[in-house]
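Thanks for coming. Please have the sequence and the coordinates open.

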Amino acid sequence: MTSVGQLEIRSEVKDGKGRLLPVGELDLATVPILERAAAEALGEHPEELVIDLSQLAFIDSTGLRLLITLHDESAEQGWALRLLRPAESPRSLFRLTGLDGHLPLSEEVS
Amino acid sequence: MAASGTRIGPGKVDLQLPPDSEAPARARAAVRDILGAAETGSSAAPGSPSGSVLLLVSEVVTNAVLHCDKGASAAPLRLTAGIEGEAIHVAVTDSGHGFPDDAKQFAGGYGPFLLQKLATRWGVEPAQAPATSSTVWFELSLREPPPAAEAPTGQ
């Protein structure tokens, strides 16, 4: 079975802060991988979940919808979401959809 | 199940894709190949015409996968792409019942919005009896950056 458009995620929860670094492409095939990693990190009840988007080579609207869902859940459940340093593909999609003004984007590492 | 089909010449793709979750990535890889051959510059930088093409390929194929008939007997999707002059033409044909006749219902999400925003032209060719397969196609100029990509949006 060849695999294309892969996604790997580095994950840690430390000092009340969850941090996910998805590396690869976020689409129909790989959205469940990030979804699962986010659910696992949130299972430890961090105050903040940071998703570092700097290594995300590709995202389409399937991936975008997951980020919107996480954003909505953060508001409902009282934790903070931060989308860190989006690479060109996510940055471009946020801009095209006008969501760059609504999603919690950040350039700050800490 | 692997994708089958042949590149039918420089700048052209004609692929049969199993309608599964890996179809969008396979389609992007195939189109990326002909874009790479057509363009100077290494990668298809998102925000560039090539980045827009790959995004739209992913949107259209995803829609086809989500809405086509499922099951073991699911017929493959057909992806064709060709570069003529300074434009690329991409078409995705589903195996039946994939695309609604009404383009407004298509994907019910960002797909049509992004096609409207990025493609030079696009359209849906609904199934015509007795055929049950329908096609979504788009064209995009590879020369000019899409103006919409640079315009402020909804701020």
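A definition to begin: two residues are in contact if their C-beta atoms, placed from the backbone, lie within 7 Å. This is a predicted model, in which local features need pLDDT of at least 70 and side-chain atom pairs count only at pLDDT 80 or more, while totals for chains, interfaces and linings use all residues. Residues are numbered from 1 along each chain as its sequence is written, and chains are lettered from A and ligands numbered from 1 in the order in which they are written.

Start with His89(B). Which residues does His89(B) touch, leaving out those up to four places away in sequence? They are Gly82(B), Glu84(B), Trp137(B) and Glu139(B). His89(B) sits in strand β4 of chain B, residues 87-93. Helices here are DSSP runs of H or I with at least four residues, strands are runs of E with at least two, and both are numbered from the N terminus. For burial, we count other C-beta atoms within 10 Å of a residue's own, again placed from the backbone: 20 or more is buried, 12 or fewer is exposed, and anything in between is partly exposed. His89(B) has 16 and is therefore partly exposed.

Next, strand β2 of chain B, residues 12-17. Its covered face carries Val13(B), Leu15(B) and Leu17(B), and its uncovered face Lys12(B), Asp14(B) and Gln16(B). In a regular strand the side chains alternate between the two faces of the sheet. Two strands count as paired if DSSP finds at least two bridges between them; β2(B) pairs antiparallel with strand β3, residues 77-84, over 6 bridges. One of the residues involved is Asp14(B), whose bridge partner in β3(B) is Thr80(B).

Now the core. A nonpolar core is a set of buried Ala, Val, Leu, Ile, Met, Phe, Trp, Tyr and Cys residues joined through C-beta atoms within 7 Å. The largest one has 61 residues, and Val31(B), Leu56(B), Val57(B), Val61(B) and Leu79(B) have the most contacts inside it. Helix α2 of chain B, residues 49-67, gives the most to this core, with 9 residues. Beyond four places in sequence, Val61(B) contacts Ala23(B), Pro24(B), Ala27(B), Leu77(B), Leu79(B) and Val92(B). For chain B overall, there are 4 helices and 6 strands, and 41% of its 155 residues count as buried.

Over to chain A, with 3 helices and 6 strands in the order β-β-α-β-β-α-β-α-β. Of its 110 residues, 37% are buried. The radius of gyration, taken over C-alpha atoms, is 13 Å, which agrees with the value near 13 Å for a compact globule of 110 residues; the globule rule is 2.2 Å times the number of residues to the power 0.38.

Helix α2 of chain A, residues 61-77, has buried residues Ser61(A), Thr62(A), Gly63(A), Leu64(A), Leu67(A) and Leu70(A). After α2(A) comes Gly78(A), with a positive phi near 80 degrees.

Most residues other than glycine have a negative phi, and most peptide bonds are trans. Asp15(A) has a positive phi of about 50 degrees and lies in the loop between β1 and β2 of chain A. His45(A) also has a positive phi, near 50 degrees, in the loop between α1 and β3 of chain A. Asp15(A) is exposed because it has 7 other C-beta atoms within 10 Å, and His45(A) is exposed with 11.
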